[in-house]
Amino acid sequence: MKYFFNTFLVFFIGIQIVFSQVRTVQELDINWKFQKGENPEAFQQNFDDSKWETVTVPHDWAIYGPFDKEVDKQTVAIVQNGEEIASEKTGRTGALPHIGTAWYRNKFSVPQYEKGKKVTLLFEGAMSEPQVYLNGKKVGEWAFGYSYFYFDISEEIKEGENTLAVEVSNKEFASRWYPGAGLYRKVSVIVKNKESINQWGTTITTPIINDEMAKVTVKTEVSGEDTHLVTTIYNAEGIQVAEDKTSTQFGNEFVQNIKVNTPNRWSPENPYLYTAKTQLFVGETLKDVVTTRFGIREIKFEANKGFSLNGEVRKFKGVCLHHDLGPLGTAVNKAALRRQLTILKDMGADAIRSSHNMPSLEQLELCDEMGFMFLAESFDEWAVPKVENGYNRFFSAYAEKDVVNLVRATKNHPSIVMWSSGNEVPDQWGTAGVKRAKWLQDIFHREDPTRPVTVGMDQVKATMESGFGALLDVPGLNYRVHLYEEAYEKFPQGFILGSETASTVSSRGIYKFPVVKEKMKQYDDFQSSSYDLEACSWSNVPDEDFVLQDDKPWVIGEFVWTGFDYLGEPTPYDESWPSRSSYFGINDLAGLPKDRYYLYRSRWNTTDETLHVLPHWNWEGREGETTPVFVYTNYNSAELFVNGKSMGIQEKNNSTPQNRYRLMWMDVKYEPGILKVVAFDDNGKSVAEKEVKTAGKPYQIVLNPDRKVIKADGKDLSYITVSVVDKNGIECPTATNQLKFKVSGNGTYRAACNGDATSLELFHLPTMKLFSGKLVVTVQSNTEFGDVYLKVTGKGLKSASLKLSSIKL
Ligand code: GAL
């Protein structure tokens, strides 16, 4: 259990120092009791849960499997994908056992509790339909699994031990992807004085910004009489830069307008954060303290100019992300999220869309710190269903509350530059849907007048006719590259956002021949080709979006579907068991880059060199056969050599979208040996080269950790890429060896993942097969600091060991 105390110092005539505690935030993370199944007695305070499993929260009960075809077998037509006839679908929600009811119970006591305190129980998400009981009494419920929500439990809390019991249940046919299951985000108890700052009661905006100064407006909603407020602003170095004191209240709100000189503006390239410390007093007595990080930055969306940040026009280089963390499931983990963002940063991405629901607060904190703009989305469904038991069941009762909580909980994050009220909602058809779009947008505006609202639209023609698209602040098009021009003409905003783009499919390290552009292409091994030419009937390959992004000044950027593979939605293999995770990712489910990563990197990362060659060069049996070679690079031309023989120079050109963004040698005949590419700058000077060599037999295991030093907090992670090399140290790109993992010392084995969308091996078991020569092992710290050892073995292979250090906080 973790406590955060907001303490302060009171100086009494310079002699005595008194520490006083005004607010505690207690995360309920350890010693939860958990059991799957209905249990009519489990809400009771004295219920015996001693035989239940002990778990930590955040927790995802379903990620431990097993994968089972029956879990999400459905005979449906996915109307969204243009299907008209129902067929048997499997793996749609990841084939993991997330359906059903489960209970969580936690015994906790509140430190230094006194009657009269205000106590709030805060959930940052609970999957789903949580029913919450404290000391045997129901204190509240929610519906949507992605929402943040809280209850006032001041009346029910008591001194000493309290028992919290939470029932969560997931219906079948409730999701289009793996939703996870259980208390997968933080639960905390906040204890404060009667006179205090309300939950999510601080709102910071920066209405005026120039080089000399910024006007920072801090609105603070409070409870209690005769209070006054002091807000102090600190810069990122912790130095006080401004302070304001006020006792003038407007209703229950204080409004302070504070001048910050020479503001350091937040941007993806300069994620500079200020902190506001707001102290609430009654007389001389401090009653509450809240600290809020914020950024000073200006966003504008203007006709014919597009989007600008701090006065500079730029286009979103974004990716969509589902909330699962691959082998860790949906249990939120900051180290796992940080790793995702580190990978995306290297690719040059500067924006994230939380498709199709509320992001974790951890993800937003990281985006603020690491520099990513954020499109925060609320719903995948409104009143008209996509899936039988989806959000449509809750829309009328909950939509407003869910949007309000989304905005109130996250509005101070400078990373958020736009809201989305929905994704491809079937309500795009008909006037009722137009009204819903306006109603939701108005709620966003009421709660946050500073950011615009979009909807990811796929029924572009319908929304042109109905007024749906015209009323949005930002018209977002999902795919439909052929309709951009028309939408730009018809819609009155003067710009178009690629709210969802590409949906190209590929499997890491898998290449298919002949190399041709295809839609919904299927192969016997249920993999998709990494030549990056395969998409779905509704979607396209990346280059087609690049053309629009580069040629149309009124296109304000794109959010690629998706940054990482996710559990569920195994299109184009929705009907092919055992496919159980997506093929859409730029990175695979393990977080390993697919070739496409380098295609995006070659245009998005404008500071580092990209020179990537595909395919691998281990094609025994294809000798003499046509084996095209592609190069993804930021250079405009390059020469390719096979075993020293030139295959000619290729130069990017405008003949096709592919020729504009890739260098392609379509007629190369395979012969084992060395593939070498030499890149030229625009003066024809050779500036970089890369080789790909044919590997021999797998000989030795190689371990490559992303971090060698982790924190001993029981949560931090190191991701170790495991590969095998031949006797000469050349990576074996087709190896499929079964490997075993052993972690000892002050850490634990957490999971492994190889990125194979058809693998039924369980992530948490310490063995897995390599897929295309690689997999990733995740090692977690425990709360003791010291060394952590990983040993990886495989039959017939030289094993490998690694030492990590887990350090004190
Ligand atoms: C979109 C949808 C996404 C995902 C994607 C796959 O239409 O918004 O959630 O299903 O298609 O291509």
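Predicted model: local features only at pLDDT ≥ 70, side-chain atom pairs only at ≥ 80, totals over all residues.
Local features need pLDDT of at least 70 and side-chain atom pairs count only at pLDDT 80 or more, while totals for chains, interfaces and linings use all residues. Residues are numbered from 1 along each chain as its sequence is written, and side-chain values use heavy atoms, without hydrogens and water.

On a 1 Å grid over the protein atoms alone, a cavity is a set of points where a 1.4 Å probe fits but cannot get out, whereas a pocket is an open set with protein on both sides within 12 Å along at least five of seven lines; lining residues have an atom within 4 Å of a point.

The second largest pocket is lined by 47 residues, with P593, Y598, H612, E731 and K774 nearest its centre. Among the elements that each supply at least two lining residues are α9 (595-604) and β44 (717-725), but α1 gives the most, with 6 residues.

By the cavity rule, 8 cavities of 30 Å³ or more are counted. The largest cavity has 26 lining residues, and F144, Y146, A174, S175 and G390 are the closest to its centre; in the second largest cavity, which 15 residues line, R176, E424, E500, W538 and E569 lie nearest the centre.

| Space | Volume |
|---|---|
| Second largest pocket | About 1400 Å³ |

Technical notes
Points joined across faces, edges and corners; volume = space filled by probe spheres on them. Helix = DSSP H or I, 4+ residues; strand = E, 2+ residues; numbered from the N terminus.
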